[in-house]
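These are my notebook entries on a single protein chain. I record what I looked up, one topic at a time.

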Amino acid sequence: YPIVLLLHGFTDSKEGWWKDDSYGKGGLVSKGLLEKGFSVLTLDARKHGERLWRNDFEAPWKMIEEGRWVDYRDLLIDTVIDYRRALDYLSRRSDIDISRVGVLGYSSGGTMTMQLAAVDDRIRVVTVCVASAYGYSSLKSLHKDLTAPEIRSRLLSLSVRTQAISEQNYAEAIGSRAFLLIVGSRDSWYSVAEARMFLDLIPGPTKEIQVYDSGHRLPKEYAARATEWFRKHLK
C-alpha cells in the first residue's frame, strides 16, 4: 500500500487523526485516505500526547508563552527525526510501498512537514495545512499590545533563533514534488498574501493553494481536498 504520514499540530496528539470532531478534523482525513486505498501512520510529536511526561507533564504551549523558542525549535526537529526513523521501519515492511510516500501536516505539523520533505527524498507528495512562513501576522497575533516597530524588532530576533525551522528555508528543497498549501482566509497566524508569497518559493510546477473562508480551524471540506491531492499525485 502507498502510505501517508500525518503530523498533528501544536498541543494536539496522534489521536486527533482518528476523531472527526478534533481541532483539525483529523478523522475525516484518515478515513478518506483509507477509503482511497492508502495506509496511514501518525506519531505523537515530542512532548505531546503519550510523550508529555518527557516535558514533566507541562503543557507544550508554556514554551511559547515564555518565549522558549529554542525548546520549540528542538521539539520540531526531533519529531522530524522520529518520522525519518518511522520511514526506516516502514521500508522493512512488505505491505508498504516505500516508493509511494506522502505527508500531510496541520499547523506546526505543517512546519515539520516542510522540514521532513526537504531532508528526506522518500517523500513524494506534500500537503501543508494552515502553516506558512513565520511572519509579521504571527507575532501580531501573539503580542497584541506591541506596536508595529516592536513587532518587527522581535521578528528579527526571532528569525535568528528559529532559522532552523523557518518554512521558507526549506521551500527550495521541495523541488518538483507535488505540493498543496491549504489556508484559511481569516487565520490570524498569517495573511493570504504571505501564504501566496510562500507558495511562490516552491520551485516545482505542480503546486496549488486552497483558500477557505475560515480561521486556523479549517472547515471539514479540506479533508476531501487533501485526500484527493494524494489520490491524484501519489500513484
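Entry 1, Lys 47. Is Lys 47 buried or partly exposed? I looked up its relative accessible area, which is 24%, so I record Lys 47 as partly exposed. The model is a predicted one, and I keep that in mind for every value below. I located Lys 47 in the loop between strand 2 and helix 2 (61-65). I then checked its backbone: Lys 47 has a positive phi of about 65 degrees, although it is not a glycine.

I read off nine helices and six strands for the protein. Of its 235 residues, 51% are buried. I also looked at contacts between residues at least 6 apart in sequence, and 74% of these join residues at least 24 apart.

I found two lysines of interest here. Lys 25 lies in the loop between strand 1 and helix 1, and its phi is near 50 degrees, a positive value in a residue other than glycine. Is Lys 25 buried or exposed? Its relative accessibility is 17%, and because the limit for buried is under 20%, Lys 25 counts as buried.
Lys 19 belongs to the loop between strand 1 (3-7) and helix 1 (26-35). With a relative accessible area of 45%, Lys 19 is partly exposed. Setting aside residues up to four places away in sequence, I list Lys 25, Gly 26 and Gly 27 as the residues Lys 19 touches. I also took the C-alpha separation of Lys 19 and Lys 31, which is 9.7 Å for residues 12 apart along the chain.

Which residues of helix 1 are buried? I noted Gly 26, Gly 27, Val 29, Ser 30, Gly 32 and Leu 33. The buried residues of helix 1 pack against strand 1, strand 2 (39-42), strand 3 (101-106) and helix 9. Just after helix 1, Gly 37 takes a positive phi of about 95 degrees.
Thr 227 counts as buried, at 4% relative accessibility. Apart from neighbours within four places in sequence, Thr 227 is in contact with Val 29, Gly 32, Leu 33 and Lys 36.

How do the axes of helix 3 (residues 69-90) and helix 4 (residues 108-119) cross? I recorded that they come within 9 Å and cross at roughly 55 degrees. Helix 3 and helix 4 are therefore oblique to each other, and their crossing is right-handed. On the helix 3 side, the contact is made by Tyr 72, Leu 76, Ile 77, Thr 79, Val 80, Tyr 83 and Arg 84. These meet Ser 108, Thr 111, Met 112, Gln 115, Leu 116 and Val 119 in helix 4. I sorted the residues of this contact into eight nonpolar, four polar and one charged.

Terms used. Residues are numbered from 1 along each chain as its sequence is written. This is a predicted model: local features need pLDDT of at least 70, side-chain atom pairs count only at pLDDT 80 or more; totals for chains, interfaces and linings use all residues. Side-chain values use heavy atoms; hydrogens and water are left out. Axes are lines fitted to C-alpha atoms, for helices over the stretch in contact, and angles run from 0 to 180 degrees between N-to-C directions. Helices (H or I, at least four residues) and strands (E, at least two) are DSSP runs, numbered from the N terminus. Angles under 35 degrees count as roughly parallel, over 145 as roughly antiparallel, 65 to 115 as roughly perpendicular and the rest as oblique. A crossing is left-handed if the near helix is turned anticlockwise from the far one by less than a right angle, and right-handed if clockwise. Contact means heavy atoms within 4.5 Å. Ala, Val, Leu, Ile, Met, Phe, Trp, Tyr, Cys and Pro count as nonpolar, Asp, Glu, Lys and Arg as charged, and the others, Gly among them, as polar. Buried means under 20% relative accessible area, exposed over 50%, partly exposed in between (1.4 Å probe, protein chains only).
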